[in-house]
Structure formats: structure tokens, C-alpha cells
Amino acid sequence: MQAIHRCCGVSLLKAHRLAQGWTAQAAIDHLAELCERERLGVPHANIDLLNVWENGRGRPRPDTIDLLSRLYRANPIKLGLAADYSDDTDVDEVAVIPAPHIPPLLPASSQAPVLTPSALHTPGPSGPLRDETNRRTFFNDVLTGCTRASHGRLLAEVETLRQQMDRTLASGTVTDDQMDRLEEMVLQCRRDYLVTPPLPMLCRLMLEFSDVQNLASQRQSGSIQCRLSKIAAVLAVLSADALMKLGDVRQAAAWYGTAKTAADDTGDPQLRALVRAHQAMLPYYYGDPAETVSLAREAQALGRAKPSSPTALAAAAEARALARIGDHQGAIASLARAQRLFSQIKERNNGALAFDFTEQRLYLYMSGTHAYLPDLQRAEAVHDTASALCRPTSPNIDPALVKLDRAATFARGAREAEACELATQTLLELPPEQRTTIVFVRARDVRSALPTQRWRDRALNTFEEVLALDTATVSGRRDA
């Protein structure tokens, strides 16, 4: 192995594979066979990772190192996957340690326990498991004159620590190709989010997020870590939005917090603005609209008011919230700003992905804003345009929200019976998977706009019966 290592200039790990005459795929196949034969579980290894390990761009996990040691019948030191801390004066000498004896396969009822490197060595001042405390003690003893360490020993310790630091800085288990595939996955999630009900979408997002979290928990290079944080931020926003639609306010708020942490980690101003702009929706539906105004303004400040989907969305969200709390002039000004920003980005926004701020989204927010403004005739015109832009068979809840905005306008215009009938019809026409809590929240806003003297009307009684259908979709129940 040493001859191949020195002659061919390859790593010790690769030298062991070449000595067997195996291709990378053959090595992975033999590893899988070994794990199946000895009942060691599924190995966390593939060709891409093996190439990373063999070329020194990353390091296997401890359990994978143990499996590779079994495969090549060599210890981690001979594979180049562990450092040799023996107290030798000749630092160029290669330590040769016999591989651990692997007992024959026993019947399942009497299978021998799996041996690990920690079971083969006893930690100590000169053992391979010297920890940070022992190293610090050694250097402190040299400083205080409490030990007679040789010059060679001291330099060996210094060199070992440098090598460990180099390996740490160079370590990483994610390749650029893997990152490209992850980013393609995120784009697909953004596409599917527009046509998938929130509950199944949430489950899919959790599966994808689990994979990303496992990768992000390991030490990666700066560029890879930044890309992982961007992916985590986008998946977290989608998850929070799905939870918001399902009515789980606490979990939605927590996931928006996760998205904010991940976005802030990237330093990307537009991504940071996007998180705040979407987070502003949560208090609009379930809390204080004034908090929506604060988050929307923060998003615009982070985005530096540059024309983009996040800043246009934030301006529109600010307008809708201001109208709801009675600041009509502020709402009109914010809405004008949203329209101005949108006019500069509409050519590059085709609406194929979640987070794209399209004309349909603009008019959805305009509809929600004018539902609380005094010009009822203008509100009707905006509702008409918003409805026309929403596809009749749209799989999302936007058409329903526009209809409820119109119902709120009817209520403010003393057309109470029409308001109740439209709101009732809207809720009943929604498919069960889209009849989520957020729709009922908006429907209750319509009810709140009705004058108290009309609360005994027949239309209102029917409306209240339908409002009672609101169920906890997260728990798996469905409305008939």
C-alpha cells in the first residue's frame, strides 16, 4: 500500500482500493455486500463520497471509517483516516498496526457485537485517542518546565495539530454537483407549492429539510455552507407558509424564525427581505396588523427598496395592513409603491414559482386593501380584476380570498344578505384539502363587518353554520 501511495501519489485510502484491483463502484459494491453479510446496516457511502474521501476533500463519519477498515482489513491509520500519535523520535517512520481480527459470521441468534475503533485502543497520553485536554496539558507542561519532552516530540505535536486543522478546514461531505441537485429540488418545491394542498406539501418539505439539515450539521466550506443556508431558508419559508394556512400559528412562527436565522446567515439582502415579507402575513391573519406593517417595512429596508418580488410584496402587504387598521392615506401610498415596484419587475416574473410576485398576486393584495377603503365603487372594480386574473380551477386559495374580500365590501356597503350568501358559497365550493383555517379566519372577518342588528337574519344563520365547519386540518380531519 505504501508503495502505491508513494509511487502513484494517491491517498492511502485509494491505494488500498487499487491494491485490490477494484474500481470505485466495485469498492462500494463490496462494502454493501460486507454490511449485508455481517448485518452491519446500510453503509452511508456512494461513488461520489468515496471520491471525496480518496481525494482528501472530505472525511467519512466514524461509523463509515470502521466499515472501510473492515473492508480493507486495515486500521484507520493505515487508511490515512486517523493520525498516529505514538511517541517516536523519527517522525517519518510509518507506524504499522495489525488490523483487528474479524470473527466469523455467527448465526443471528448469537451474533457477535460490532467492534469499533474505540474498543481497540485505550485512550492515554500516547494513544491514538489523545483528546484536547491531554494535548493542552502537554503544551502547558512544556511551558512550565514540568516535562522533559524531546525537541522532536514537541515538533511532532505541533505538526499533528496543524494537520488536524488543515483537515478540518478542508473537510466537507457535499460536492458542487450535490448542491446543484439540491437547488434543483428547491426549484421543484417552489413549482409544486403552487399546485399542491398545504398538508401533503408540508410533509414533503419536512422530508427534504431533513436531508438538508443533516448536511448542514457537518462542517462544510464557506461557499457550500452559504448555499445550504439559502436552501434551508427557502424550505423553511415554504413550511411556515403551509403551517400558517393550516392554522398552526405557533409552529408557523417558529419556522419563520428558522428561515430568518438561515437567511441572515447568508447575508443576502433580498433573501432576508423575502423572509420578512412572508412572515408579515402571519400577524395579518392571526395577530396584530400593526406588526405586519413593521415586518413589511423592515423587509423593504433590507431590500433597499430595489424592484424585486420581496420588496413589491412587502409594500403590498403594508398597504393591506394599513387599510385594515384605518390608515387609508398610508394604505393608498403603500399600494402605489407596490404598483410602481411591480411595473419594473413584471417582465421577468412569469409566476411559475412560489415567491414570484405576479400581477395576480398584486391584485390579490389590492383586493384585500380596497376591501377596507371607503371607495366602494373602486373596490368592486378591483375585485372584478382580481377575480379575472385568478384561474377558475386554480388549486390555491387565492380565488376564495378574493371572493371573501368582495363579501367584506358588500358588508360595508349595507348589502349584508349578499355578503353572507357569497361567503357561504365560497366556503362550500372549496375542496376539502383547501378548506383550511386561514380561509375561515378571513371569513370571520366578513362576519365581523356585519352590523349587529342583522345577526338574526336567515342568511347570516346559514353563514354561521358553515363557519362551524372549520376543523383542525393538521389533525387529519376533513370536511364533507
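**One glycine, then rings and helices**

Mentor: Gly247 is partly exposed, with a relative accessible area of 27%. Keep in mind that this is a predicted model.

Trainee: Where does Gly247 lie?

Mentor: Gly247 sits in the loop between α11 and α12.

Trainee: Leaving aside neighbours within four places in sequence, what is Gly247 in contact with?

Mentor: With those neighbours set aside, Gly247 contacts Tyr286 and Thr437. Tyr286 is 39 residues from Gly247 along the chain, and their C-alpha atoms are separated by 8.6 Å.

Trainee: New topic, rings. How many aromatic pairs does a search of the whole structure find?

Mentor: The search turns up 5 aromatic pairs. Take Phe209 and Trp255: their planes are at 85 degrees, with ring centres 5.0 Å apart, so the pair is edge-to-face.

Trainee: Why edge-to-face for Phe209 and Trp255?

Mentor: Planes over 60 degrees apart count as edge-to-face, and this pair is at 85 degrees.

Trainee: Which helices hold Phe209 and Trp255?

Mentor: Phe209 is in helix α10 (residues 198–216), and Trp255 is in helix α12 (residues 249–266). They are 46 residues apart, so the pair links distant parts of the chain.

Trainee: Are Phe209 and Trp255 buried or exposed?

Mentor: Both Phe209 and Trp255 are buried.

Trainee: What about Phe342 and Phe357, what kind of pair do they form?

Mentor: Phe342 and Phe357 are edge-to-face, 6.2 Å centre to centre with 75 degrees between the planes. Phe342 belongs to helix α17 (residues 328–343), while Phe357 is in the loop between α17 and α18 (359–370), so the pair ties together parts 15 residues apart in sequence. Both Phe342 and Phe357 are buried. Ring pairs also link Phe342, Phe357 and Tyr365 into a cluster.

Trainee: And charges over rings? What lies over the face of Tyr284?

Mentor: Arg320 does, at 4.1 Å from the ring centre. The charged end of Arg324 also sits over the ring of Tyr284, 4.9 Å from its centre.

Trainee: Last one, helices. At what angle do α9 and α11 pack?

Mentor: Helix α9 (residues 176–193) and helix α11 (residues 222–246) pack at about 20 degrees, with axes 11 Å apart. That angle makes α9 roughly parallel to α11. The crossing of α9 past α11 is left-handed.

Trainee: Which residues meet there, between α9 and α11?

Mentor: From α9, they include Met179, Leu182, Val186 and Cys189. On the α11 side, Leu228, Ile231, Leu235 and Leu238 are among them.

Notes. Residues are numbered from 1 along each chain as its sequence is written. This is a predicted model: local features need pLDDT of at least 70, side-chain atom pairs count only at pLDDT 80 or more; totals for chains, interfaces and linings use all residues. Side-chain values use heavy atoms; hydrogens and water are left out. Rings of Phe, Tyr and Trp (its six-membered ring) pair if their centres lie within 6.5 Å; planes under 30 degrees apart count as stacked, over 60 as edge-to-face and the rest as tilted. Helices (H or I, at least four residues) and strands (E, at least two) are DSSP runs, numbered from the N terminus. Buried means under 20% relative accessible area, exposed over 50%, partly exposed in between (1.4 Å probe, protein chains only). A charge sits over a ring if NZ of Lys or CZ of Arg is within 6 Å of the ring centre and within 35 degrees of the ring normal. Axes are lines fitted to C-alpha atoms, for helices over the stretch in contact, and angles run from 0 to 180 degrees between N-to-C directions. Angles under 35 degrees count as roughly parallel, over 145 as roughly antiparallel, 65 to 115 as roughly perpendicular and the rest as oblique. A crossing is left-handed if the near helix is turned anticlockwise from the far one by less than a right angle, and right-handed if clockwise. Contact means heavy atoms within 4.5 Å.
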